[in-house]
Amino acid sequence: MEKISKTILYFCFVILITACSKDDKDNEDKLAEDIYITGTENNKAVYWKNGEKTILSNTNSSASSIFVTDNDDVYVAGSEGDKAVYWKNGAKTILEENDAVVNDIWVSQNDIVHAVGDKKDLTSQATDKYEAIYWKNDQENLLYQGEKAVNILVKDETVYIVGYFKNGEVGYWKDGVQVILPEDNVIIVDCHSIYINNNNLYIAANIITQESAPNTIGAYWLNNNLEELPETENNSSSVTDITVVDEKLYATGFEKDINNKKRPVYWAGITKEYLPFNDINYSSSAATGIFTVDTNKFIVGYVTETVSNTDFFGYACYWKNGVETILPDKMQYPFGVSDIFVKTSN
């Protein structure tokens with residue numbers, strides 16, 4: 001009798017655990033994913049929410065970055081004509097009218113809007129000189145010795161901005177204080193995309209070294225130490241975005257094959273992976289950004305198709321854990337896809 005009771009109790013326990021596991025899985029399945037992607041189509045700033053496109057401007061414009069708040073307010077940074085602008089839920093705010101652009105945007109607690117970019121330097125005799133700008137709630141601030149600001153991150157109320165300095169060097173500002181990044185054995189370098197994980201600071205870079213010239217190598221700084229990403233075929237690659245999950249670095253970008261065609265790749269630690277895509281008549285393809293939610297990796301990119309010697313079309317897409325989803329409607333040239341933001345909710 002005692003043995004029978006224990007058996008019954010055992011099966012009840014199994015059923016209870018199974019039911020709880022199923023409930024947990026059902027709750028996970030109920031998480032809704034809203035996927036926001038921004039870019040430029042036919043010289044017009046646009047963004048997509050779950051594949052539905054919104055045109056932000058009917059004149060010459062571009063979109064470079066997107067940020068979505070907990071209140072579902074959608075901020076898109078970019079330019080319209082010669083003006084540096086951002087759109088909040090489609091409503092435009094002009095930050096600067098003098099040959100300027102917003103390259104990145106971040107919204108911190110209490111809806112404080114942080115934006116970075118550059119504008120023409122009117123004090124310079126040269127026509128190609130610019131000044132790096134940081135806007136906080138639309139208030140313009142010149143960055144010390146800055147020529148261009150490309151990326152921003154706000155963590156624990158500390159503001160990190162990546163950019164270029166007037167002396168030709170690259171680096172970042174931490175609450176306005178300039179930090180120059182080392183460029184040992186590097187001929188040419190650019191920098192973008194900053195990420196902080198457990199007080200370790202990562203900045204994505206593309207470099208040309210004495211050994212790689214004229215090819216570009218995807219790289220990154222880790223706490224001011226420059227590291228190259230694993231080599232690619234034809235020794236030519238570029239990194240576009242970077243993030244870190246569980247101490248493991250993930251980077252997106254592209255490599256060029258022997259025919260000089262770009263194809264999308266990402267790096268997971270020291271491993272390089274090719275991203276699958278519809279390659280019929282493709283002329284170019286790249287992964288341009290990454291966003292992580294728990295263990296899920298969302299990578300955004302585009303594919304350009306050659307119709308004729310003069311006609312080009314393309315499509316925007318994203319990969320969730322390596323599986324491609326193509327956004328509806330082919331895009332008209334010129335176009336580009338720049339950034340992705342993912343929100344989950346029950």
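This is a predicted model: local features need pLDDT of at least 70, side-chain atom pairs count only at pLDDT 80 or more; totals for chains, interfaces and linings use all residues.
Which residue takes a positive phi in the hairpin of E21 and E22?

Residues are numbered from 1 along each chain as its sequence is written, and side-chain values use heavy atoms, with hydrogens and water left out.

Of its 346 residues, 46% are buried, meaning under 20% relative accessible area with a 1.4 Å probe, protein chains only. Cys191 is buried at 1% relative accessibility, and Cys317 is buried at 0%. The structure holds zero disulfides, a disulfide being a pair of cysteine sulfur atoms within 2.5 Å.

Now for strand E21, residues 248–256: seven of its nine residues are buried, so the rest of the structure largely encloses it. On one side comes E20 (residues 237–245), which pairs with E21 in the antiparallel sense over eight bridges; pairing takes at least two bridges found by DSSP. Here Asp241 stands opposite Thr252. Two residues lie between these strands in their hairpin, where Asp246 has a positive phi near 50°.

E21 also runs antiparallel to E22 (residues 262–268), joined by seven bridges, and Ala251 sits opposite Trp267. That hairpin has five residues between its strands, and Asn260 is the residue with a positive phi, near 70°.

Terms used. Buried means under 20% relative accessible area, exposed over 50%, partly exposed in between (1.4 Å probe, protein chains only). Helices (H or I, at least four residues) and strands (E, at least two) are DSSP runs, numbered from the N terminus.
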